[in-house]
Amino acid sequence: MKETDREAVATAVQRVAGMLQRPDQLDKVEQYRRREARKKASVEARLKAAIQSQLDGVRTGLSQLHSALSDVKDIQRSLADVSKDWRQSINTVESLKAVKDAVVRHSQLAAAVENLKNIFSVPEIVRETQDLIEQGALLQAHRKLMDLECSRDGLMYEQYRMDSGNARDMSLIHSYFGSTQALSDELAKQLWMVLQRSLVTVRRDPTLLVSVVRIIEREEKIDRRILDRKKQTGFVPPGRPKNWKEKMFAVLDRTVTTRIEGTQADTRESDRMWLVRHLEIIRKCVLDDLLVARSLMVQCFPPRYQIFRSLLNVYHQALSTRMQELAAEDLEANEIVSLLTWVLNTYTSAEMMGNAELAPDVDVGVLEPLLSPDVVAELLDTYMSTLTSNIIAWLRKALETDRKDWVKETEPEADQDGYYQTTLPAIVFQMFEQNLQVAAQISEDLKTKVLVLCLQQMNSFLSRYKEEAQLYKEEHLRKRQHPHCYVQYMIALINNCWTLRESIVSLKRKYLQHDADESVSLSQPSMDGLLDAIAEEGCSSLLEEVFLDLEQHLNELMTKKWLLGSNAVDIICVTVEDYFNDFAKIKKPYRKRMIAEAHRRVVQEYLRAVLQKRISFRNAEERKEGAERMAREAEQLRFLFHKLAAGFGEEMDGHCDTIVAVAEVIKLTDPSLLYLEVSTLVSKYPDIRDEHIGALLAVRGDASRDMKQTIIETLEQGPAQASPDYVPIFKDIVVPSLNVAKLLK
């Protein structure tokens with residue numbers, strides 16, 4: 001307390017010091033004193049009021065505790081009195097058992113009296129109920145049936161209460177009301193018949209369907225009431241619970257299943273399109289039924305039944321079962337496609353479950369698949385296996401058909417640009433296109449797999465195509481007059497390669513996605529190589545035809561007859577030009593290569609004639625005459641091939657310059673410059689060999705042995721390096737078997 005007093009004094013000093021800081025404030029000391037006195041009095045008054053309030057509350061609480069204690073004592077005394085009275089009344093209650101039994105019997109008799117009228121009128125009510133059922137008045141019939149069942153159940157319940165073990169009396173009551181169960185079964189049969197035709201009934205007479213639903217609702221309420229009473233008494237009337245609501249959905253389930261199974265009107269034996277027809281009938285049937293259910297049936301059932309959702313689930317399950325049954329059959333490839341297209345695409349499309357009139361009650365995104373992924377995968381494997389066999393057979397048949405066309409006596413058809421062609425590319429790629437379009441209807445993945453399959457089989461097919469083209473060429477060479485249109489069909493075969501190449505590119509561009517399997521892209525170079533090889537062999541075969549006809553005239557080159565004035569080169573030019581008029585029906589990429597190859601081979605054959613030493617010039621005059629003739633003929637050949645290549649916008653390679661260069665070596669009049677001329681020739685044509693030089697010097701006829709040896713030995717010391725774009729021309733020219741030693745003699 002002393003510490004508190006000191007703190008109070010210190011606080012007061014501070015307050016007084018704050019009030020009296022200036023001299024003029026001393027005049028207000030009395031005023032300050034009165035103000036502080038009022039504050040003190042106010043605080044003391046509040047403290048007194050608070051303390052008084054607390055005291056009043058304590059006083060009230062003590063008073064209530066005294067009252068509660070008094071009440072507890074009174075209750076204790078009352079409980080003691082009750083306990084005493086209860087012990088005294090036990091004997092009295094036991095003596096009233098006979099009264100209790102009498103009350104039970106009285107209750108049973110009262111129930112019997114109450115139902116006496118119904119009991120005597122049971123046969124009549126049964127007849128009336130039967131008539132009402134036959135007349136279709138189901139609600140009235142059910143009302144009377146309920147009265148019968150109520151009378152029977154009431155009597156049986158009273159008997160159960162009185163003597164549950166008395167089976168004789170219970171059986172007697174049950175047999176007396178025996179017709180009741182038969183009426184219930186008959187009424188149920190009528191209800192199920194209406195439900196089986198509910199989709200038709202709801203259009204013609206929706207009130208009948210509503211009556212059926214009301215009857216089922218009544219029975220459901222009775223079932224619930226009886227089950228609740230069973231928990232209390234253990235008594236259940238015969239035939240209860242009926243569970244007609246569950247049976248109703250079971251009937252709808254069987255009806256839908258039977259309806260879907262009944263849509264198959266044909267078999268494979270009677271109609272090849274049986275499955276397509278069956279699936280289309282199912283689609284129309286299910287869609288029509290669901291539209292009727294959504295627009296009409298939902299109005300006939302209580303909302304809690306969710307009848308549309310229930311029917312949707314029933315239809316979905318029935319369709320799933322039916323699709324599994326169809327998938328288990330031994331389906332053909334086209335049937336597998338029809339089934340998978342319907343299951344994976346049609347079912348969820350706007351033509352069926354995605355129909356705008358069914359939205360938003362049907363969400364196709366949450367529908368379970370009709371077929372499991374394993375079943376779909378198995379069907380796809382079967383389809384791919386069958387398709388592989390079919391494609392192989394189709395390609396083999398297409399090749400056989402094309403092979404028969406090659407021996408026809410009439411020319412092949414030409415396309416709109418005038419190029420010869422056969423029907424093979426169109427047949428093959430029409431077949432590929434059809435299968436890819438079918439696969440695209442099922443899924444993108446299957447489309448890619450079918451494309452890969454088509455390209456793989458195309459690879460194998462091209463190998464067989466190449467073999468057949470080779471056999472065709474060999475058969476012609478054995479008998480050149482047969483077949484009559486060999487050249488034209490070989491041209492068509494070459495053009496087919498270009499058409500196939502373009503068709504493959506077009507097919508991949510149309511059906512291949514950017515993220516498709518890499519193996520699809522890798523197959524292209526292989527097929528391009530095969531097609532180029534087939535086309536090149538075809539071009540080579542045609543050139544062989546040309547050179548077989550030129551052989552006689554090529555053999556005249558660099559002979560005495562040639563030197564005296566042969567027209568062999570004129571005939572060669574005319575023959576080549578005539579052939580290439582026919583070759584104009586070859587598509588440009590391949591025709592360009594043919595012209596280049598013909599140019600190279602003609603020049604090569606000319607050089608071979610020079611190096612075969614068919615002639616040896618005796619003097620400078622003959623060498624000059626022969627060289628000038630070679631130069632003229634080289635120019636003649638250059639003009640020919642320039643003319644043939646004019647349509648390609650490019651100059652042909654200067655192979656004819658090789659003839660001119662060789663002619664310059666032959667024409668040289670000063671033997672001392674021969675080494676220089678030959679070295680120039682070798683630098684321009686690095687593939688020229690020693691035997692070529694020896695043969696060329698032998699044709700001149702004036703080179704000494706030492707000069708030949710010096711030229712050849714010098715050239716051997718520093719072989720020329722070929723440029724990257726150099727096209728060898730001497731490489732394939734074989735000189736007759738004369739070794740260098742003999743040439744030097």
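1. A nonpolar surface patch is made up of V43, L47, I51 and L55, with about 360 Å² of accessible area together. Patch members have over 30% relative accessible area and no salt bridge, and nonpolar side chains (Val, Leu, Ile, Met, Phe, Trp, Tyr) are joined within 5 Å, like charges within 9 Å. A salt bridge here is a side-chain nitrogen of Lys or Arg within 4 Å of a carboxyl oxygen of Asp or Glu. Areas follow the Shrake-Rupley method with a 1.4 Å probe. L55 belongs to helix α2 (residues 29-94) and counts as partly exposed at 44% relative accessibility; buried means under 20%, exposed over 50%, and partly exposed in between.

2. The model is predicted: local features need pLDDT of at least 70 and side-chain atom pairs pLDDT 80 or more, while totals for chains, interfaces and linings use all residues. Residues are numbered from 1 along each chain as its sequence is written, and side-chain values use heavy atoms, leaving out hydrogens and water.

3. Aromatic pairs come to 13, under a rule that takes rings of Phe, Tyr and Trp (its six-membered ring) with centres within 6.5 Å; planes under 30 degrees apart are stacked, over 60 edge-to-face, and the rest tilted. The pair F301 and Y305 is tilted, at 6.1 Å centre to centre and 50° between the planes. F301 is buried at 4% relative accessibility, and Y305 is buried with a relative accessible area of 4%.

4. F580 and F583 make an edge-to-face pair, with 5.0 Å centre to centre and 80° between the planes. F580 is buried at 5% relative accessibility, and F583 is buried at 0%.

5. One aromatic cluster comprises W406, F461, Y465, Y472 and Y486.

6. Two charges sit over rings, a term requiring NZ of Lys or CZ of Arg within 6 Å of the ring centre and within 35 degrees of the ring normal. K245 lies over the face of Y305, at 4.3 Å from the ring centre. R601 lies over the face of F547, at 4.4 Å from the ring centre.

7. Helix α14 (residues 333-346) has 14 residues, which should span 20 Å at 1.5 Å a residue; the end C-alpha atoms are 18 Å apart, which agrees. The expected span is 1.5 Å times one less than the number of residues. Helices are DSSP runs (H or I, at least four residues), numbered from the N terminus. Helix α14 is mostly covered, with 10 of its 14 residues buried, among them W342, L339 and L340.

Note on methods:
Buried means under 20% relative accessible area, exposed over 50%, partly exposed in between (1.4 Å probe, protein chains only). Helices (H or I, at least four residues) and strands (E, at least two) are DSSP runs, numbered from the N terminus.
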